[in-house]
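Subject: Structure handover

Hi,

Here is the structure I promised to pass on. Please open it alongside this note; what I found follows below.

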Amino acid sequence: MQAGSAWILKPVAEMSTSEFGDWCQLLESRSGMVLTEQRRSFLQVNLTARMRELGLSDYADYYQQVLNGPSAAVEWTNLLDKLTVQETHFFRHQASYDFVAEFLRKRMVDKHHKRPLSLWSVGCATGEEPWSLAITVAQVLREQDKTKGFAVTATDISHSALKKARTARYSARRLETVSKEIVARYFVEEQPGCFQVNKDLMQRVCFARLNVLELANAPISSMDVIFCQNLLIYFRRWQRREILNHLAARLAPGGVLVVGLGEVTGWEHADLQRVENEKVLAFTRRG
Ligand SMILES: C[S@@+](CC[C@H](N)C(=O)[O-])C[C@H]1O[C@@H](n2cnc3c(N)ncnc32)[C@H](O)[C@@H]1O
């Protein structure tokens, strides 16, 4: 029997309570992500998969490698990619996109708004969200017969998600929720069943790695739309509020912050006003 197959036959080892506590603390302090007890086996399976590749059998040894090992940074990145939830879809919450479209229609006819429109997808995962935003702007420009410039910034903590997002390639299955008309207008079928966002739209979206715990240093400002959905749910309540405060400071006057429905309750900001629309959770910056 080869050494590799011996590993495969070994069951996933149980992690002690204190080991689980150490991993949770590390993950939360560096990414904000909170792992509940129900996700202990998820953590064990993912750590074990990587430990087998490295020939390690002890969670504590691997912990030390992630903390102080010679490839600590690489290990941390790999681990993060495995542990973050990157589930996403095109036009995931249609009401939020309808709200953004309506906001943009008004913004485009505002004679005081002369700059190109700026949008930001925070926690963009594999790109479906920023591309949906770019399509939303392009559609509004088209219906209004306007040529105003626009740019979408898309950020995430996960290198692998960003790598996928930048290719802008999606299978027909991923595009099932997008109308045929939109697919024909904004995608190119490279091979049967494999589509890529067209070049015009690709020029509009820029991807960058950004940890939302480090927003204080992010060189992003004057956004017309900040879209942050299905990200805050992984953070503690106080941290959600801190992140929202940072995002609020990066909105242009009159700009909107669009959060996932139910992702934050009771948050208020002196410069923002809650939008009266029960289908979306959005805030406008006064002024
Ligand atoms: C469930 S996906 C949501 C994707 C998209 N916003 C949507 O609603 O479909 C959550 C994303 O948040 C990212 N994420 C998790 N922690 C993060 C952090 N500290 N900073 C930035 N992004 C983070 C994950 O990598 C993942 O891609």
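One salt bridge is counted between domain 1 and domain 2. Keep in mind that this is a predicted model. The partners are glutamate 28 and arginine 236. Their closest N and O atoms are 2.7 Å apart, which is within the 4 Å cut-off for a salt bridge.

Which elements give two or more residues to the side of domain 1 that touches domain 2? They are α2 (17–31) and α5 (72–83). The largest share comes from α2, with four residues. By type, that side of domain 1 has three nonpolar, four polar and three charged residues.

Now the domains themselves. Domain 1 covers 3–83. Domain 2 covers 94–285. Their C-alpha centres lie 32 Å apart. The contact takes 10 residues from domain 1 and 11 residues from domain 2.

On buried area, the two domains bury about 820 Å² between them. Carbon and sulfur atoms account for 52% of that. Within domain 1, the residues that lose the most area to domain 2 are Glu28, Val34 and Asp81. Together they make up 41% of what that side buries.

Best wishes

Note on methods
Residues numbered from 1 in each chain as written. Predicted model: local features only at pLDDT ≥ 70, side-chain atom pairs only at ≥ 80, totals over all residues. Heavy atoms only, no water. Domains from an automatic or database assignment. Contact = heavy atoms within 4.5 Å. Buried area = accessible area lost by both parts, 1.4 Å probe. Salt bridge = Lys/Arg side-chain N within 4 Å of Asp/Glu carboxyl O. Nonpolar A, V, L, I, M, F, W, Y, C, P; charged D, E, K, R; others polar.
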